[in-house]
Amino acid sequence: MKASTDFDTLTDFFDRYGVALTAGDVPAIAGCYALPGLVVADTYSFSFTSPAAVALSFVGAAPDYQERELIAANALIEDVQPVSALLTEVAVRWEFLDSQGQAVPGERYRYLLRSTDDGPAICTVIRTA
């Protein structure tokens, strides 16, 4: 096994993750993470060591997506960098589609992914400018 820099593999992974996010499918979101995992932003950081902790950290996101009527998420992969034998850093700009069919700009993140037997898994998420 080696770090995945294959665009199709990464696109499929982020497509699954985006569907889980907009559907509020917390177990599927948790399944996209390696444990322990870390989220880093300008004013906070938190880690999680179990699927339940991942799920708890995303419970609040589902109502936000529903309130904003976001029905689809598209990850635009901007950069892919191998880091080590099993780690890859991926820069992503998210775009969303609302229930009226309008594009809604999202945010940018850097994801540190670990290659596993089941495919990529998120180790670290960093919100970027």
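A: Leaving aside neighbours within four places in sequence, Y17 is in contact (heavy atoms within 4.5 Å) with I29, C32, Y33, F58, W94, Y111 and I122. This is a predicted model, in which local features need pLDDT of at least 70 and side-chain atom pairs count only at pLDDT 80 or more, whereas totals for chains, interfaces and linings use all residues. Residues are numbered from 1 along each chain as its sequence is written, and side-chain values use heavy atoms, with hydrogens and water left out.

Y17 is also one of the residues that touch the most other members of the largest nonpolar core, together with F14, Y33, W94 and Y111; this core has 28 residues. Such a core is a set of buried Ala, Val, Leu, Ile, Met, Phe, Trp, Tyr and Cys residues joined through side-chain atoms within 4.5 Å, where buried means under 20% relative accessible area (1.4 Å probe, protein chains only). Among the elements that each supply at least two core residues are helix 1 (7–23), strand 1 (33–40), strand 4 (87–98) and strand 5 (103–116); helices (H or I, at least four residues) and strands (E, at least two) are DSSP runs, numbered from the N terminus. Helix 1 gives the largest share, six residues.

The six strands form an open sheet in the order 2-1-6-5-4-3, with mixed pairing; two strands pair if DSSP finds at least two bridges between them. At its edges lie strand 2 (45–48) and strand 3, each of which pairs on one side only. Strands 5 and 6 run antiparallel and are joined by nine bridges, and T116 stands opposite G119 in strand 6. Helix 1 packs on this sheet, touching strands 1, 3, 4, 5 and 6.

Definitions and conventions. Buried < 20%, exposed > 50% of the residue type's maximum accessible area, 1.4 Å probe, protein only. Axes fitted to C-alpha atoms, helices over the stretch in contact; angles between N-to-C directions.
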